[in-house]
Amino acid sequence: MAEHAAPPLDEASRRWALLVAAVCLAPLLLQLPGPTSLAIAATALVITGLSWRRPLSNLLRGVLAVAIVVAVSAQFRFEFGRDTGCALLGAMLALKPSETSSLRDARSLVGFALFAPFSTFLLDQGPWSLALGLTGAMLALGVLQRLAAVEGGMPPERFILPFQHALRLLLLGLPLAFAIFWLFPRIATPLWGVPGRAQAKVGLSDTMSPGDWVDLLADDSVAARARFIGPTPPKSAMYWRGPVLWEFDGRTWRRGRGGEPRPPSFVPSTRRWTYTLDVEPTDRTQLVALDLPLSVPDGARATSDYSLRTTRPMAALTRWTMTSAQPQSFDAVLDASQRLRGLALPSGHDPRTVALGRELRARLRDDRRIVDYALDWIHRDFAYSISAPVLGRDAMDDFLFRTRTGYCEHFAGAFTLLMRAAGIPTRVVTGYVGGTWNRLGGYWMIRRMDAHAWTEVWLQGRGWVRVDPTAAVAPENVYDTLDVPMAEGGLFETLQAPGGLGQVGDWLRTNWNDMVLGFDADRQSRLFSPLGLRRMDPTHLALLFGAVSSLALGLMVWLGLRGPRDRDPVLRAWHRLDRRYARRGLGRAPHEPATTWAERISKARGPDAVELRDLAARFTAARYAAGVADGASARRLVRDLGRHRPS
Amino acid sequence: MMAPTRGLRRRLLALARPRRQESLPIRFDRRRIYVLPTRFGLFFATLLAVMSVGALNYNNNPALLMAFLLAGAAVASLVSAQLQLSGVAITAVDAEPVPAGQPLHLRVHARVDDRRPRSGLKVDYDDGGAAGLAMRGGAGEAVLELPTRHRGWIDVPRLRVSTTWPLGIARAWSYAWPDTPLLVYPAPDPVAMPLPAGSGDPASRRLQAAGDDVHHLRNYRTGDSRRAIAWKPSARRGALLVREFEQPAGTDIDLDWRELHGVAHEARIARLARWVEDAERDGRRYRLTLPAQPPIGPDRGPAHRHACLRALALMPDG
């Protein structure tokens, strides 16, 4: 088993290896920040050019490696996240072409290049990344095949051949790959933590200050998809609760810390809504739920203000099944610490708002009347605009008494402050409102632009009650009055509807999510629940995995053992006929022409074998006589050959 | 016979089938085909393992799917490597005898008994050369160089037919250890001693392929020396012509073992081998007389030369 010294690499194979490395790198570069991608691409090109004739010296390579690691890390401000790691990997791959003189170098280049699609998938699981990444992986296999052919001393005659061989191998391996994918036991809890991204996407966050949601409200990508099982709530009640913000420093609302994680007590109303929520990856732990979920799903926990946090960041697509209800009363008894936090005012900020609140309390006395009065005022005197004027130091005073124009952040913040000044415990709730009905798939798309902020006021006897001051000004902006009727439609009806193309695209994406992306340990254990197997434990799964993968292997061997198919159906049928005779020991000898063989057989078997002689003559004519073979007669011959049995 | 110090690899090799020589044809079936990953294969396996564990940990299904697709292709390539070899049969090995010290060109003939195409096959042996075995239309031939040291029969080494097809991540191999012995002629004496005087009719003249007087031109026959071709007349005629010379052929030479007393055993063999070559070159008839066997010849020509050299090669050691 001595490994002979690797033969030098031929020029064509070297080009292919470099090209495939570039193809593998491309989807990763699309996911990295622009300047980093450009720098990596430029480095790769320069390195390839410099080392085209002769490899770079080790010293130069070392210096370049250190330089590019420092440069890439600096672009991420030396924060080490998942994206930093992927960028570093891309940079290393860009340095790899500096040595491509031997077969071994080319192989290791292609091997390392396979990490590029892998890290692309860690950053993004969209269809484009997937298509590009898998293409890269397939081409890489093709180049490995080419290199093996060169090693065997037989460079391919046509460049396409290795790729055909690689494709054939992939297809042969497909049953096994799918068996592993669906049946290989998944890990329910990760072995190590998932590092987040150093540069995060916009999304719901734990803080809110006027004006910082502009990016979020312009992002029409889908944050989650909800599918109701049974009744669907009206759109005006579709409040997806997210982080609850308590603390205000005059500028920014925060969750703050405080309050023991006491489960809140609430009495649900009788209307229940059951739904599944597919949350797109966010790298955060904040989960949203419709109003109040009746139980906390596995893998999440509820805080004392009943916002849900997942136990680990949602780095991949996750699915949550919950049943929610509107509360009849929610935390009817308010403990002292919550009351204190719900009434806290920023010191030295917004004196006019505080004064107005105190005046309302003195004038109206009753909590409910104070709330109604404030909502009336907002409805009367305020305007909704996403391009709100910039606010000064006393932001809430500025908004309430000067600009009177803003969006949900402004309304929720100012309203909460006003209520607190009037002595009503109030908090800001952020999340999403409403959604877009997808006719084709029959589910709701919740986009990032559906993000919203509203308030909850604590009323004696009822507990926390939702009040949405923005809805008092511009309900159409909150609930999307462009409401498509909730009919389910076919493909063509959906395409004709406004925004139909996007809906169809999202529906395709959802199906992909369902079948491939969202598959995890939990869904694996329920894989066969339609067949009556409620839950599979790992032992069953392992046994099943063993059985199915053995089957897949058997299939692979069987397919591999089959010789190449004859292209000509007539020849194929003739060979089958020959095999039937061979099983009786009457096979045609390799040197024997068809007619001679038929003559021999019919002499040995008597007059029964006349048909064989006739068939052999027709076969010879179809194969060798010019102008005899036309489609119809060939089909008849194939049929007759198929029917004939040795007598 | 393996010394325990020769290392694990030697001992493993000794365990591999076949453990003794066997007669041709040798057909490779799954019981004697071995498949192990190459060094690159180990790297590839590590790569796939890292990818799968990472993807399983993050429950990242696209990454997992890619890792498993590659793993599926890798397993398919192992199966494919095994199938490249199974069904291949080594039908014959042969080699033109060469004088000891020169490399023997060992021809290995292979055939397949099914219709699957075979690619990337290679033949080699321990500590020796390698050659590609290209199979076209179900048959193929590889030529290996085999060093020789002594005259006489030498054994064909245990040949390894292997392939890293189709991805280079695994090597499938099988051993063939044919029991066909190969002949090595004795090395001729490097010093040209004059041929012994002949006997018989010295006046007879024969047509020779070499000499001084051109006798006539005749048509080319297969086996004629290239130097004898008369290129200019050939060009005029449009067909190859060969010069024939007329020369006194001299008398038949008697190459007798007993005449060379006083010379060491191996040196005698070398001297006689040299004389056989010289006589053959001069186109003279010669007779070889060796102890304890009937004399060979007198005659000349390739068959006679082979008979003489074979007899010399197989002389018992002195």
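In what follows, Ala, Val, Leu, Ile, Met, Phe, Trp, Tyr, Cys and Pro count as nonpolar, Asp, Glu, Lys and Arg as charged, and the others, Gly among them, as polar. With those classes in hand, I turn to the structure, which is a predicted model.

Let me begin with confidence. Chain A has a mean pLDDT of 82, with 89% of its residues at 70 or more. One stretch of chain A to treat separately is residues 481-485, where pLDDT stays under 50 and the model has four contacts beyond four places in sequence.

Of its 647 residues, 49% are buried. Among contacts in chain A with a separation of 6 or more, 73% join residues 24 or more positions apart. Carbon and sulfur atoms hold 60% of the accessible surface of chain A, which comes to about 30,300 Å².

The structure contains five cavities of 30 Å³ or more. Twelve residues line the largest cavity, and Leu204(A), Val279(A), Thr282(A), Gln286(A) and Tyr432(A) lie nearest its centre. Two elements of chain A, β2 (222-229) and β7 (286-287), each give two or more residues to this lining. By class, the lining of the largest cavity has seven nonpolar, three polar and two charged residues.

What lines the second largest cavity? From chain A come Glu151(A) and Gly152(A), and from chain B come Gly120(B), Lys122(B), Ser162(B), Thr163(B), Thr164(B) and Arg171(B). This second cavity holds about 60 Å³ of space. Its lining has no nonpolar residues, five polar and three charged.

Notes. Residues numbered from 1 in each chain as written. Chains lettered and ligands numbered in written order. Predicted model: local features only at pLDDT ≥ 70, side-chain atom pairs only at ≥ 80, totals over all residues. Heavy atoms only, no water. pLDDT = per-residue confidence, 0-100. Contact = heavy atoms within 4.5 Å. Buried < 20%, exposed > 50% of the residue type's maximum accessible area, 1.4 Å probe, protein only. Areas by Shrake-Rupley, 256 points an atom, 1.4 Å probe, with all protein chains shown as cover. 1 Å grid on protein atoms, 1.4 Å probe; cavity = no way out; pocket = protein on both sides within 12 Å on 5 of 7 lines; lining within 4 Å. Points joined across faces, edges and corners; volume = space filled by probe spheres on them. Helix = DSSP H or I, 4+ residues; strand = E, 2+ residues; numbered from the N terminus.
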